[in-house]
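I opened the notebook today to look at how two chains meet, and then at two single residues. The entries follow in the order in which I looked things up.

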Protein chains: 2
Amino acid sequence: MTLYLNLATLLGQRIETGLYLPGQRLPSVRTLSLEHGVSLSTVQQAYRVLEDLGLAVPRPKSGYFVSPTRRQMLLPASSRPAQRPVEVCQWDQVLELMRTSSRPDTLQLGSGTPDIAAVTLKPLFSALNQISRRHDLAMLRYDNIQGLLELRQQVARLALDSGCRLLPEDIVITTGCHEALSAAVRALCKPGEIMAVESPGFHGIMQTLKGANVQAIEIPTDPVTGISLEALELALEQWPVRAILVTPSCNNPIGFTMPDERKQRLLRLAQRFDTPIIEDDIYGDLAYGYPRPSSIKSMDKEGRVLLCSSFSKTLAPGLRVGWIAPGRYLEQVLHMKYIGTGATATHTQMAVAEFIAKGFYQPHLRRVRGQYQRNRDRVIRWISQYFPEDTRVSQPQGGFMLWVELSESVDTLRLNRLLTESSIQIAVGSIFSAVGKYRNCLRINYACVESAAMEEAIRCIAQSLNSAQTVHNCHPTSQSSG
Amino acid sequence: MTLYLNLATLLGQRIETGLYLPGQRLPSVRTLSLEHGVSLSTVQQAYRVLEDLGLAVPRPKSGYFVSPTRRQMLLPASSRPAQRPVEVCQWDQVLELMRTSSRPDTLQLGSGTPDIAAVTLKPLFSALNQISRRHDLAMLRYDNIQGLLELRQQVARLALDSGCRLLPEDIVITTGCHEALSAAVRALCKPGEIMAVESPGFHGIMQTLKGANVQAIEIPTDPVTGISLEALELALEQWPVRAILVTPSCNNPIGFTMPDERKQRLLRLAQRFDTPIIEDDIYGDLAYGYPRPSSIKSMDKEGRVLLCSSFSKTLAPGLRVGWIAPGRYLEQVLHMKYIGTGATATHTQMAVAEFIAKGFYQPHLRRVRGQYQRNRDRVIRWISQYFPEDTRVSQPQGGFMLWVELSESVDTLRLNRLLTESSIQIAVGSIFSAVGKYRNCLRINYACVESAAMEEAIRCIAQSLNSAQTVHNCHPTSQSSG
């Protein structure tokens, strides 16, 4: 990351944490230049970024001030799903999302793709290239059922950042995090059994439960602290919950990171009820703050946690390289991987292992983390400009997904269909619930913000909101605010 | 394929079909040279291949004769599995096979890997190489949920060879045939339901049923004509069979190709009981005879057949590129693919599409088909030389797998453990049955026969047979001959 972007990120964090208050004067260009040992023009560039993000405003001859007019967006309300096991539905809408996600002429704000055009990914192409030029026959063979050893070694090394001490033999490489989650669910649950999930929660997880004929009990989540431990405890007391599935760090779709103390309490709860935890950590490496959030797995001494992740969000989803550290459930997970795909493609595993081993992973992460954080602020500013007063947005702590809660009368399914004409696609809120709640919510991908196009898209979505009102009262399936 | 190998294959087929009888004089070198318009030395090379295969013997000054002393190996007996639905077991043994399959120092006769060192595969490396050099961002994106359009177009074109008229939109690309079969099984069957399968049958299929909690009813098969239609009819009458899963062309592990007329009858049976058919055609393109066998799918006008295949056996398994044409079950299969892996790796799909589009697929097939057919004859000759009198072997019509039925007293599980010391691995027969039948059988991969090493391995297996006798009578789980 360049010096001025570094500085902009730092100042942005200070503004956000309230170290500099709205309207307050920011340090002078000269002061910052001396303090950080950078040139005056670097500081000026950093301030221009903050201006662009709507965090700072210049006043002639007085320097920069924290934006006083900055409208504080409200966070989404804590969710209130029904507290009983349900069958998952919504497959039609997920399929619609999948089908439109591959249209090349559409601005795909609903997809889960990171910035794959980042310049720091170039060595990945070189790695793929060199491996095929070596005519390495290993890339054509069936891979080891646990996955390529060299890659498992690198994954074990990276997992230390989240506090996990894993050995290569604790890890199973999978075809994306999708296969990791799917194998974990099927390894733990028989059809008809119950799994506790966050609500809202990733649609891939909801559909995995549907496919495995597992019932979901949706647990309320808070947009800052994550899954409600109180509601979870009640659910564990009341129902034979077979497993708990959470995305505790840089959650999808809400963006929270559970504080460590709450992760600890979640683990203790699981111990008390002797329940395994499936931990989806796919966005963990993309946390904006330092240090990277701990995984619940890092606190687990009993092999109770099945940690799932992948390189789909940090590098590129087309590689289909994910992994799972299934703890004491290793053999059951291997069985599910064997029957699901047999093995994972070898070539891309080799390339990812080489990319990490040669030291390209961390610089890439540093670059995209900064980019995503700045994009988040930019998009939130546009929403505060163009969307109605009562709009609520999440404040993601990592990743590149924004959750937007609209007036109860808005039907985002209808909105999405209206947007087709403008070649814009969003992820409708209802797919993030087992029973189609959150119809008045949507999720936006902000990984790649080409300013003009994205601002235009946000404006276009805002303009379509009026036409996307539900005709009848949709109380039972909408998210009530409060 | 070179001229002399072409000629050797032709003459070999004539000997095999009885056009030339044992002891009969074969056409002179000069005659063949004139007849086929090739040089005398080409004919001599062809005869040396037949000599090596044990099909022809030279007599000084008289030319070549059909081998008179050729011991006719008996075919395996028709199988006689129990005719009732059972739970699948044997996972431990499959896992053992998977784990030893990646040991680099072991001669892996138990694996399912084709000859990936074939010179005709070189353009595949070039394709992979060129795609990464183009820095094509498409390879990093989530693929279309149905798979890469360019590849589906090529698959549709190839499917014409088996008589199928498919459109690209009828096809779903999968992570290997494993995912195709797994998605098909889970799309059709709920837990506790019953599927009819061939016995013996591919262990991946058996384990897929286990993973989906589907019961198997094992149907007897004949080593020449395939699944017993009579037994299948009885099963359909007696049990609520939800689907039929067959590998009718170049079957794994037995190697038969069902005659077209029996394929037709199988389809009519499925129609009568309104049962879908999952057709595994993964080895179909590797049939030795011409024309390539028809698929049952090609006879199906109602979308009843789910045709599954991949490039794992024709090109290379490490690519993990398979496909399914699910007929009327398209949407259910898409759901199962979505929850299983989300998408298939894009890079390898692009490379396979390019390899086929540029015309490299058919020449590669021609080369390996000839090689596999010659290897089959070579390995059968060694077995007839070294194995006990009562050994029975299959006569595969395509692919590269040989099924060997030994005396009932032999336990191939024990044999396999004994062979570990000699760094040889076979596939034990018991994994090809839901309940561990066929303990006295084994499957050998003959894709790559480096003459000396392979003959030595066959001799080594033969020598270990005595020590691999069961102590007790294992009647209930062994395959009785008769």
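How much area do chain B and chain A bury between them, and what share of it is on carbon and sulfur atoms? I find about 5,500 Å² buried between chain B and chain A, with 67% of it on carbon and sulfur atoms; buried area here is the accessible area (1.4 Å probe) that two parts lose on being put together, summed over both.

Before going further I note that this is a predicted model, in which local features need pLDDT of at least 70 and side-chain atom pairs count only at pLDDT 80 or more, while totals for chains, interfaces and linings use all residues. I also note that residues are numbered from 1 along each chain as its sequence is written, that chains are lettered from A and ligands numbered from 1 in the order in which they are written, and that side-chain values use heavy atoms, with hydrogens and water left out.

**Interface.** I looked up polar contacts (pairs of N or O atoms within 3.5 Å; within protein, one must be able to donate a hydrogen and the other to accept it, and residues adjacent in sequence count only if both atoms are side-chain atoms) and found 24 residue pairs between chain B and chain A, both residues at pLDDT 80 or more. By class, the side of chain B that touches chain A has 25 nonpolar, 26 polar and twelve charged residues, where Ala, Val, Leu, Ile, Met, Phe, Trp, Tyr, Cys and Pro count as nonpolar, Asp, Glu, Lys and Arg as charged, and the others, Gly among them, as polar. The contact (heavy atoms within 4.5 Å) takes 63 residues from each of chain B and chain A. Since 100% of the interface residues of chain B are also interface residues in chain A, the copies meet through the same surface.

**Symmetry.** I superposed chain B on chain A by a rotation of 180 degrees with 0.0 Å of shift along its axis, at an RMSD of 0.1 Å, using least squares on the C-alpha atoms of residues with pLDDT of at least 70 in both. That is the relation of a two-fold axis. In chain B, the C-alpha nearest the axis belongs to N129(B), 2.5 Å from it.

**T9(B).** Is T9(B) buried or exposed? With 13% relative accessibility, T9(B) counts as buried (under 20% relative accessible area; exposed is over 50%, partly exposed in between, with a 1.4 Å probe and protein chains only). The side chain of T9(B) reaches the backbone oxygen of L5(B) at 2.8 Å.

**P240(A).** I find P240(A) exposed, at a relative accessible area of 64%.
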